[in-house]
Amino acid sequence: MNLRHILPAAALLMLPGMAMAAVPPTQAASPAASPATSPAATAPLAHTPHDPSPEQLEEHITALHTQLHITKGQEKLWAPFAQDMRDNASRLHDAIEKRRADLPTMNATDNMQSYATLVAQRAQDMQTLNQAFVPLYATFSKKQKKNADALFRQGDEEHAERQADAGQAAASDSTATK
């Protein structure tokens, strides 16, 4: 799996805002519902970030290790960084599962609070991950730093493009149902 496609997911572990629409089956519009009354016709009701599988996470960690050219001397700083990614992913998974389980009984304010709590946890996880990355990055050679800078920048740009594409698709879906 290519790092450019997974990096935003680790940025999950790294970058907040990887929200993708998730409308539970109980909230799907019935065929008899008019587009004006159909919840799906206007906007997704629930946003839940992507939850990578353990296999995807390990593939990402391995790819990142390879693409950053981590040396044997850097392994002692890489290990806590990789463990933070795993810990963050575990917390994210648990939070997403709880949110999905609670979603059918949430009112709008509960839904917003649940999402706000999830995003706040992800932001805290990003701070923790960054704290583990800073000392590792400090040991990088100039070539490694340049490579890391490009990898992370590229991941952000691709994530922004996917978000824009998803927004355009949602807008065209909404227009098509009117």
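**Exercise 1. How many residues does H4 have, and how far does H4 reach from its first C-alpha to its last?**

Solution. 
- Step 1: Find the helix. Helices (H or I, at least four residues) and strands (E, at least two) are DSSP runs, numbered from the N terminus. H4 covers 75-102.
- Step 2: Set up the rule. The expected span of a helix is 1.5 Å times one less than its number of residues.
- Step 3: Apply the rule. H4 has 28 residues, and 40 Å is expected.
- Step 4: Compare. From first C-alpha to last, H4 reaches 40 Å, close to the expected value.

The model is predicted: local features need pLDDT of at least 70, side-chain atom pairs count only at pLDDT 80 or more, and totals for chains, interfaces and linings use all residues. Residues are numbered from 1 along each chain as its sequence is written, and side-chain values use heavy atoms, with hydrogens and water left out.

**Exercise 2. Check the spans of H3 and H5.**

Solution. 
- Step 1: Take H3, residues 54-67. Its 14 residues should span 20 Å at 1.5 Å a residue. The end C-alpha atoms are 20 Å apart, so the two values agree.
- Step 2: Take H5. Its 31 residues should span 45 Å at 1.5 Å a residue. The end C-alpha atoms are 45 Å apart, which agrees.

**Exercise 3. Which residues of H3, H4 and H5 are buried?**

Solution. 
- Step 1: Buried means under 20% relative accessible area, exposed over 50%, and partly exposed in between (1.4 Å probe, protein chains only).
- Step 2: List H3. Leu57, His60, Ile61, Ala63 and Leu64 are buried.
- Step 3: List H4. The buried residues include Trp78, Phe81, Asp84, Met85, Asn88 and Arg99.
- Step 4: List H5. Among the buried residues are Asn111, Ser114, Arg122, Asp125, Phe133 and Leu136.
- Step 5: Use the helix repeat. An α-helix has 3.6 residues a turn, so residues three or four places apart point the same way.
- Step 6: Turn to the whole chain. Buried residues make up 33% of its 178 residues.

**Exercise 4. Are His69, Tyr115 and Leu136 buried, partly exposed or exposed?**

Solution. 
- Step 1: Check the backbone of His69. Phi is near 55 degrees, a positive value in a residue other than glycine.
- Step 2: At 24% relative accessibility, Tyr115 counts as partly exposed.
- Step 3: With a relative accessible area of 0%, Leu136 is buried.

**Exercise 5. At what angle do H4 and H5 pack?**

Solution. 
- Step 1: Define the axes. They are lines fitted to C-alpha atoms, for helices over the stretch in contact, and angles run from 0 to 180 degrees between N-to-C directions.
- Step 2: Read the geometry. The angle is about 175 degrees, and the axes are 8 Å apart.
- Step 3: Name the arrangement. H4 is therefore roughly antiparallel to H5 (angles under 35 degrees count as roughly parallel, over 145 as roughly antiparallel, 65 to 115 as roughly perpendicular and the rest as oblique).
- Step 4: Sort the contact. Its residues divide into 15 nonpolar, five polar and five charged. Ala, Val, Leu, Ile, Met, Phe, Trp, Tyr, Cys and Pro count as nonpolar, Asp, Glu, Lys and Arg as charged, and the others, Gly among them, as polar.
- Step 5: Take two pairs. Leu136 and Trp78 are 58 residues apart along the chain, with C-alpha atoms separated by 6.5 Å. Tyr115 and Arg99 are 16 residues apart in sequence and 8.1 Å apart in space, C-alpha to C-alpha.
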